[in-house]
Amino acid sequence: MQVAGHLLFPWKQNPCTRGAPVGTVLLDVSVNDLNNIRQKAGGLIAMLPKDVSILSDEIKEQVLTLEKEMLTQSIPVPVYFAPYNPNLEHIINDITQNSAKNNAKNEDAFAHLLMSVSANGYHVTVDGQNGAVNKNSKIPIIQGELVPSQFALKHVDNAGESTTLPLILITTNLKTFGITNDYPLNADVAVVMSLVEIFSKLHSVISTSPKYRLAFLISDAGLLLNFQGSKKWLETDDNMSLQNVEFVLSLDTITQSLAQNQPNAFYMHVSKPPKEKTPISHFFKLLKTVTGRHSENATVEGIHKKINLAESKISWEHERFSMKRFPAFTLSSVKNPSSSLRTTIFKDNEARTVAQTLTTVKIIAETLACYIYKIDPMSDVFEGHVVINENNVLPYLGIKSVLQNNDIKDGFEKYLANVKITYDKPDARDPDFMFYNGIDPKLNVYRVKPAVFDLFLTLIVSLYLCSVYFAIQFFPRFYNFIAANTKELFCGQVGNTQNATFKRKNN
Amino acid sequence: MTLYHFGNCVALLMPYYFTYKYSGLSEYGAFWKCIQAGCIYIFTQLCKMLVLATFFYSDTSSGNGEFNFFAELLRCSVDVADLLGFALILSRIPGKGHSKLITAGLGWATAEVVLSRGIMLWVGARGTEFSWIYIQKCLESNVMLVQHLTTATLIWLFTRHDLSKALKPLVSVLLAVTIFKGVWLEGLLHILSIGPWAAIAVKALVASLIGFCSLHIYSGLAQQIGI
């Protein structure tokens, strides 16, 4: 595919040039500009900021809003995102300056002509094929469960089959894309994987083997794909019997990838307010106590939002489970389900992210442990050889999809039983979602000159050639002049100075 | 840019044609002689390449715009072969008077411009990216034409036995200056960090100065021997 166009001046000042792509730094685009671009520009090349963490909160907010807009609106023109690149920045600055000069009112016609001749244009080509529909689009769903060993069961309790034990399902989504094909921060998956690792230790010891089954479910894409993974899983689930479900705990944006100066808070999103004495309300109380103990300024708040069945897009993953009448809730650090933090690809300050994720893992693990062992929430379960530290979290922060490598699968198979991967493939006739092929295209920006510049250049070259022509015509006389001087100088014999010889000397 | 831009660049090489046309070479039918001179240029360059590749250490890491004095000096010392090439042209290709020198210089310069600039212009100047470098290279080629004509003259003067003894050292010095121009001139331009346009102007000035001196000596000798 080739997208060609000229960026003679930024389009922002002159939005009537239809068809010209716009190149800009992402930070400079406002939502209003985006609307203009959608309607009038030929394309958008946006350079992502170099370092998000140094931006001020307002600019972060603006970037997030813009990102959200880009994700929700359909944009008919191609939009290219470029990572920070000093050359591209230089080009964008150049365009911006040119336009600033162009917009200067007090200039005469000659200056304007000079400007149009000397103006730098940029010719943008993009190679790489157009995004074709991937016929093999699929999203993986991986499940696994921690079953107390039969041996332990017989010893502790004489209750028969393990399938009759109450089930706690922990689900989350692996975000695999945002506005670009880049993995956003996947702290939720890291938390789930850490929980898998931590609780498998407890399950392996007979004395701490709980009377609960813990099941884990990770599906790809999440909110941006309307939680298709859990939908498919709920529809086709056949091997993990969803009987006797105590509750479904869903994690969503448990760690914010962009620091905003807000107090740490957990929000427990439910579709209907939990009644007293239900497992969810019990868990909620435990969570409040544990959170208060583990971090001073963190709060836990319950948010109730009814499921809007009329709307095709759901807000939280637990709604998929609630619709099937499973007690379910979502733990998240964002309050508003439409928050752009849930889909952002921007990450800042890794140290803060790690610390926050670690705290979250501790809180959830302690709460879960208190819940399944029915112990006092004021005591620490994870101490000594099962202490939770950064090593539990760090390896999972950059985890990739099952389609890409086997990290999740290997982790599940190492710690869990009944691991199964199912794939959700869209229906051929009425697809719920669709992926497009397309490797990262290469953007080439060439400096070009307008056609009038070439005409101008031809004029100068002709002038030069004329002068050379006359210089050559003049050369015999020049030679004779030198020869005459030389004769005087050397007092030599009489030379044939009238000889019309030609030797070119000067061009 | 476009084919049109390529045309502009090629138009800048027109002085080569002017030289051929208006110096009377076309009347002598010296076209074939120019081709021969060009062939000798190619032969000389091949020999130079062989020597360079065989005996000289090539530092591939020095391509970062650094000016390496010793590498340049060594490279220029191989350029002495150019002088031998010129001498070969002058001795092998028959010609009369002025036209002999112009044949040698023009043939040499044309072969150089075609071989060393041709591909760059065809690929680069027609390419999408605009760069001043093609115009600059073409202008520089014009300077090189003057330079090569001068060198041919100097070599011819050097091989003459009837050149007065007083002028012999001057001719030798001018030859040395020409050959080692790559060292002293480029070094100077590098040290003074002169921009590409000014660099061409300086080169043109130097070429004109050397050319003027050689012309002066040449006209004296030409009158002596009556050509």
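**How α2 and α7 pack in chain B**

The crossing between α2(B) and α7(B) is left-handed. On the α2(B) side, B:Tyr16, B:Thr19 and B:Tyr20 make the contact, and they meet B:Ile102, B:Leu106, B:Ala109, B:Thr110 and B:Val113 of α7(B). By residue type, that contact between α2(B) and α7(B) comes out as six nonpolar, two polar and no charged. This is a predicted model, so everything here is read from predicted coordinates.

As for the geometry, helix α2 of chain B covers residues 14-22 and helix α7 of chain B covers residues 97-125. The two pack at an angle of about 155 degrees, and their axes sit 11 Å apart. Since angles over 145 degrees count as roughly antiparallel, α2(B) and α7(B) are therefore roughly antiparallel to each other.

Stepping back to the whole chain, chain B has eleven helices and zero strands. Its pattern along the sequence is simply α-α-α-α-α-α-α-α-α-α-α. The radius of gyration of chain B is 18 Å, close to the 17 Å that the globule rule gives for 227 residues, so chain B is as compact as a globular protein of that length. Along the principal axes, the C-alpha trace of chain B spans about 55 × 40 × 35 Å.

Burial and contact range round out the picture. Of the 227 residues in chain B, 37% count as buried. Among contacts in chain B with a separation of 6 or more, 84% come from residues 24 or more positions apart.

How values were computed: Residues are numbered from 1 along each chain as its sequence is written. Chains are lettered from A and ligands numbered from 1 in the order in which they are written. This is a predicted model: local features need pLDDT of at least 70, side-chain atom pairs count only at pLDDT 80 or more; totals for chains, interfaces and linings use all residues. Axes are lines fitted to C-alpha atoms, for helices over the stretch in contact, and angles run from 0 to 180 degrees between N-to-C directions. Helices (H or I, at least four residues) and strands (E, at least two) are DSSP runs, numbered from the N terminus. Angles under 35 degrees count as roughly parallel, over 145 as roughly antiparallel, 65 to 115 as roughly perpendicular and the rest as oblique. A crossing is left-handed if the near helix is turned anticlockwise from the far one by less than a right angle, and right-handed if clockwise. Two residues are in contact if their C-beta atoms, placed from the backbone, lie within 7 Å. Ala, Val, Leu, Ile, Met, Phe, Trp, Tyr, Cys and Pro count as nonpolar, Asp, Glu, Lys and Arg as charged, and the others, Gly among them, as polar. The radius of gyration is taken over C-alpha atoms; the globule rule is 2.2 Å times the number of residues to the power 0.38. A residue is buried if 20 or more other C-beta atoms lie within 10 Å of its own, exposed if 12 or fewer, and partly exposed in between; C-beta atoms are placed from the backbone.
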